[in-house]
Amino acid sequence: MMNEYYPNFAIIKEIKKETINTNTFVLKFTDQKIADKFSWKPGQFMMLSVLGVGESAISISSVENDNSINATIRNVGNVTNSIFSLKKGDSLGMRGPYGTGWPLEKIIGKDILIVAGGMGLAPLYGVINHVIRNRTEYGHLEIIYGARTPENMVFKDEFSKWKRIKNSTFFLTADEITRENPFECRTGLVTSCFPMMKTHHRNAIALLCGPEIMMRFAAKCLETIGFADKKIYLSLERRMKCGIGKCGHCQIGLKYVCKDGPVFNYDDIKPFIRPL
Amino acid sequence: MASYIIDKKDLKILLDKFLKEFKVYGPIKPGLDSSVDEIKSIDDLHLEYKSTIISPKKFFLPPKDTLFEFKIQKGNYEIKEIVNDEKFILFGLHPCDVNAILKLDEFFSGKFKDKYYQNRRKNSIIIALNCTQPGENSFCKSMNAGPFLYKGYDILLTDIDTKYLIEIGSDKGKKIIQGLKLNIASKNDLLKKEKKCKLANKKIKKILDPNWLPKLAEENLDHEIWIDLGERGGVAGSFPCLSCGSCSLVCPTCYCYDIYDTVDLSLKNGSRVRELDSCQLLEYGQVALGGNFRKDRKDRIRHWMFCKFGAAAGSKNSSCVGCGRCIRVCPSKIDITKVAKSLWRKK
Ligand SMILES: Cc1cc2nc3c(=O)[nH]c(=O)nc-3n(C[C@H](O)[C@H](O)[C@H](O)COP(=O)(O)OP(=O)(O)OC[C@H]3O[C@@H](n4cnc5c(N)ncnc54)[C@H](O)[C@@H]3O)c2cc1C
Ligand code: FES
């Protein structure tokens with residue numbers, strides 16, 4: 001019997017600095033067979049582990065041609081700290097992918113509104129790439145990305161490319177701008193961009209990821225401008241121990257974030273987005 | 001399958017046969033209270049028990065379980081599998097506890113199988129004992145989980161005065177009594193069982209309607225009862241919840257666990273361990289940078305109650321079997337049946 005709790009091993013092929021406390025790690029399964037078999041959907045996550053320290057849920061931001069996985073990680077505690085102490089060539093434990101992804105097939109033909117806050121861009125990065133690659137299959141693409149400061153933004157190298165995507169709008173906003181402002185960020189919360197939004201709810205789907213409080217406000221604002229709950233999807237974060245729907249830690253109401261989510265339709269979980 | 005009888009004084013013959021081939025665990029009474037532990041001879045066995053404090057869940061989902069061991073060498077890892085192949089018999093389990101195991105079975109199967117749980121389950125034989133003396137806190141009848149058992153056993157015993165009725169529930173059960181000279185049960189013996197069942201049912205005083213329990217979970221997210229239970233004066237004669245987690249500790253269906261790593265002093269050898277956890281404890285919902293998705297006590301007690309009412313494992317069926325253990329151990333005297341009834345009444 002396969003034992004899902006055993007991590008496979010992956011080697012760090014490269015480390016890219018994103019912000020002062022965030023790096024993108026390029027991870028390749030050491031077992032070529034596992035690497036070859038790997039398939040994923042944007043929005044899914046991996047369990048990364050440093051043996052002796054523990055495991056953490058980390059989104060797959062993208063996957064390269066040789067099936068190396070890009071994981072963009074913010075250093076916030078025990079596990080992430082020890083991942084940051086690893087160097088190129090070191091190995092760590094990795095299992096997955098887990099969870100549901102964004103409903104990319106279901107939203108073919110629709111306009112797409114992406115609202116991301118901080119690290120929340122990581123699980124949406126794959127959606128943006130997917131839309132770029134399959135540009136004709138989707139309507140207008142609008143990206144609204146906010147962070148505390150411009151320095152805290154991730155995937156900055158992509159911004160100029162994203163600004164040039166055909167039939168798209170791109171807003172960057174920061175809570176405060178203390179130092180330089182290289183990407184012409186606006187100031188304010190993500191919701192402050194909504195009045196300028198080009199997307200009309202009629203043929204659009206909204207995809208949200210960020211701190212829960214941000215998603216709650218964003219979803220509420222979207223509702224007031226006419227978005228039906230069913231047209232809003234969000235990716236939730238919860239404490240995760242097993243990632244496979246057993247340990248119970250990620251429960252929210254009737255759902256398990258690791259197995260029924262992390263991407264949920266707003267209509268399904270609206271009553272539960274608060275302490276539950 | 002056929003049913004048999006055995007004189008109570010001959011139970012030793014049965015047990016001795018089992019002891020020859022298996023480790024046997026059953027109800028014992030070492031001090032004031034009963035527990036399910038290893039039985040070495042018939043003298044250890046204490047079948048006239050009401051309930052044990054800790055449920056037999058511990059044989060499948062131990063409080064602490066090593067998932068695997070590992071070795072770290074020059075940045076490389078080696079994982080060592082833990083194999084647990086002990087074959088064992090659980091002797092004299094009550095229907096509520098067997099039903100709890102059936103619920104756990106369902107939970108630990110599915111897309112991702114839990115090898116640790118399933119291995120132990122595969123290696124176990126359940127000899128259940130119908131409950132003729134339900135305790136004052138039992139409401140198993142309402143939860144369709146007792147006092148008599150209709151599924152989930154390999155062998156089922158019923159105390160019919162001077163004898164035990166033996167019913168076979170599986171091939172495993174049939175196999176382990178092969179070779180024993182047992183008399184076939186008469187119609188009268190089976191009638192006696194029916195009578196005992198009726199008597200036991202009458203002894204149960206706590207009654208609930210399980211059909212509306214899942215609804216309670218869905219419809220009462222913002223009920224003031226949660227504030228009463230968590231912060232104010234309690235509900236229906238209880239004190240407010242202390243978030244001690246005792247209810248999870250004794251619950252036969254609470255399955256939540258934490259996972260963590262331990263390493264030895266050399267920092268080279270370690271293991272990944274899972275340990276039963278409780279959603280009642282503050283740390284359960286804590287995440288990095290001081291966040292906590294269930295910081296308030298009222299949110300935690302609500303979460304626990306909902307799980308028992310019908311939100312467990314994302315299902316809409318109650319995970320409660322009505323064993324009454326949580327009622328018995330709660331230091332604040334919180335009674336889940338009273339909470340459910342108050343919610344229902346105040347709708
Ligand atoms: C579906 C999902 C996707 C995620 N994707 C990313 C990502 O792409 N990049 C990124 O930087 N972070 C991501 N996170 C958050 C990340 O899992 C936590 O920041 C990380 O687990 C913190 O662990 P730590 O040991 O470093 O911190 P500590 O505070 O020391 O963590 C202690 C324990 O709590 C758990 N834990 C702590 N915080 C969280 C949290 N916020 N969510 C879940 N479990 C937590 C950890 O598993 C760990 O066992 C994601 C979380 C989820 C649920
Ligand atoms: S992380 Fe364990 S159940 Fe979801």
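Residues are numbered from 1 along each chain as its sequence is written, and chains are lettered from A and ligands numbered from 1 in the order in which they are written. Because the model is predicted, local features need pLDDT of at least 70 and side-chain atom pairs count only at pLDDT 80 or more, whereas totals for chains, interfaces and linings use all residues, and side-chain values use heavy atoms, with hydrogens and water left out.

The shell around ligand 1 holds 24 residues, of which A:Ala57, A:Thr80, A:Glu237, A:Arg238 and B:Ala288 come nearest, a residue being near if one of its heavy atoms lies within 4 Å. Since residues from chains A and B surround ligand 1, the site is shared between chains. By class, the shell consists of 12 nonpolar, six polar and six charged residues, where Ala, Val, Leu, Ile, Met, Phe, Trp, Tyr, Cys and Pro count as nonpolar, Asp, Glu, Lys and Arg as charged, and the others, Gly among them, as polar.

Polar contacts with the ligand (pairs of N or O atoms within 3.5 Å) include one between a nitrogen atom of ligand 1 and an N or O atom in the side chain of A:Glu237, at 2.3 Å. A polar side-chain atom of A:Thr80 lies 2.4 Å from an oxygen atom of ligand 1, while a polar backbone atom of A:Thr72 is 2.8 Å from a nitrogen atom of the ligand. Of the 830 Å² of accessible area that ligand 1 has on its own, the protein covers 88%, as computed by the Shrake-Rupley method with a 1.4 Å probe.

Chain A is divided into domain 1 (8–98) and domain 2 (111–272), with bounds from an automatic or database domain assignment. Both domains give residues to the shell around ligand 1, so the ligand lies between them.

Between chains, 50 residues of chain B are in contact with 40 residues of chain A. The buried area, which is the accessible area (1.4 Å probe) that two parts lose on being put together, summed over both, is about 4000 Å² for chains B and A, with carbon and sulfur atoms giving 59%. In chain B, B:Tyr77, B:Phe112 and B:Phe293 lose the most area to chain A, together 19% of what that side buries.

Terms used:
Polar contact = N/O pair within 3.5 Å; in protein donor to acceptor, adjacent residues only side chain to side chain. Contact = heavy atoms within 4.5 Å.
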